[in-house]
Amino acid sequence: MEYVATFFSHFGAMQFARKLKREDIACQIMPVPRQLSSSCGSCVKFSTKDGVLALVDEEVEKIYRLENGSFSVAVDRMERDE
Amino acid sequence: MKKWTLALAGAVIGVIAVLLTVLGNPGNMGFCIACFERDIAGALHLHSAEVVQYMRPEIIGLVLGAFLIAIAKKEFKPQGGSSPVTRFVLGFFVMVGALMFLGCPLRMVLRLGGGDLNAVVGLVGFVAGIGAGVFFLNKGFSLKRTYRQTIAEGAWLPVINVAFFALLVAFPSVLIFSTSGPGASHAPIWISLLAGLVVGAIAQRTRLCMVGGIRDVLLFKDWTLLCGFVAIIVVALIGNLIAGKFLFGFAGQPVAHTDGVWNFLGMTLVGFGSVLLGGCPLRQLILSGEGNADSSISVVGMLLGAAFCHNFKLASSGEGPTANGKIAVIIGLVVVTVIAVVYTFNKKKAKAETPAVPVA
């Protein structure tokens with residue numbers, strides 16, 4: 001399954017990509033696709049067969065599933081969750 | 001978002017900007033977020049520089065254009081809570097830098113298209129400032145996360161802009177209007193408003209940003225946003241040639257000065273501060289329209305910064321920078337650097353203390 005993760009900061013995206021690389025998950029850091037958000041930060045595109053919840057850290061804003069060219073929300077941390 | 005979409009958006013903005021100067025706006029000032037917020041500060045009695053006071057409908061239009069299209073496209077998403085006071089301070093000093101140079105990044109681009117070579121010096125400083133900001137982004141800079149907010153929190157800036165427009169058309173006597181100077185040069189009210197609405201909507205759809213374009217090239221080698229930037233220059237250049245407003249060189253440029261060092265440093269401050277804010281002054285207006293309370297606070301910081309610039313003689317004029325302005329720009333560079341260092345360093349400390357917590 002392919003995923004796109006968005007973050008609260010560019011550094012969050014960089015750390016996330018580093019973490020994925022340590023776990024041998026192929027990924028790419030890039031600008032957030034326009035259809036996902038009107039904000040213009042950095043995102044990480046990656047693919048994994050396993051669930052994504054274990055990958056979530058405090059810098060992750062959302063994770064989207066990418067299926068047949070369309071996105072659906074897999075994780076949303078935008079609401080106050082503390 | 002395709003590169004040609006951004007190029008087309010930039011081209012439309014370039015045409016509108018040149019048309020506004022033909023219809024009465026000051027030279028190379030179809031749009032200038034810094035100058036126009038400064039004029040609004042003057043109209044609201046926040047400063048008393050008599051030549052730069054006008055309730056610019058372009059600004060009102062930019063915010064409301066972004067607001068209306070964001071509502072229509074279900075992208076009005078009130079959020080905030082990401083270091084608002086720090087953003088206020090950054091907005092303040094971005095304005096100090098912009099009024100040293102005499103223009104926001106958008107006007108810098110329009111000045112380039114008008115043949116103003118001082119803007120080339122500004123551009124080099126701007127890129128240097130963005131480079132400094134990107135350095136800290138890569139080291140861990142973050143103003144901390146944002147949170148969902150109430151609709152009211154997100155709607156305040158659009159509402160305030162509606163009130164500003166109501167004052168302009170229904171109760172103009174409570175505002176101050178320049179009778180000479182740049183503040184007295186303006187296109188007709190409804191045309192300015194319409195221009196702002198259209199450009200605001202375009203900028204919301206395309207995420208056009210003067211800072212973002214250069215930042216994305218430095219971070220990702222992604223040229224998409226920069227296409228809009230380049231298209232504005234090319235189209236403004238052609239438009240100025242057709243309108244007979246093209247003037248090539250350093251001297252005698254409209255609302256500009258020729259002090260290279262301070263044009264450079266002013267825009268360095270703008271670039272550095274804007275990267276930390278996450279977008280240029282135009283982008284802050286657009287994000288405010290989308291309900292971003294953090295951007296609204298940045299806009300208020302810029303508005304107040306503009307008032308300070310004129311009350312304390314920090315702003316340059318056609319004659320050049322002032323001694324006070326030079327001191328303020330140096331202070332601004334120091335403050336922005338300190339903010340960058342603190343928010344880079346604090347971040348790491350917080351990370352070490354709180355392990356990452358997965359949420360279900």
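Two strands pair if DSSP finds at least two bridges between them. Helices (H or I, at least four residues) and strands (E, at least two) are themselves DSSP runs, numbered from the N terminus. This is a predicted model, in which local features need pLDDT of at least 70, side-chain atom pairs count only at pLDDT 80 or more, and totals for chains, interfaces and linings use all residues. Residues are numbered from 1 along each chain as its sequence is written, while chains are lettered from A and ligands numbered from 1 in the order in which they are written.

Start with chain A. Strand E2 (residues 27-31) of chain A runs antiparallel to E3(A), and five bridges join them. A:Cys27 has A:Phe46 in E3(A) as its bridge partner. Strand E1 (residues 2-7) of chain A is also joined to strand E3 (residues 42-47) of chain A by five bridges, again antiparallel. Here A:Glu2 stands opposite A:Ser47.

These strands belong to an open sheet of five, ordered E2-E3-E1-E4-E5 (chain A), with antiparallel pairing. E2 and strand E5 (70-76) of chain A are the edge strands, as each pairs on one side only.

Now turn to chain B, where pLDDT (the predictor's confidence in each residue, from 0 to 100) averages 95. Helix H11 (residues 260-277) of chain B has 18 residues and reaches 26 Å from first C-alpha to last, close to the 26 Å expected at 1.5 Å a residue; the expected span is 1.5 Å times one less than the number of residues. Just after H11(B), B:Gly278 takes a positive phi of about 95 degrees.
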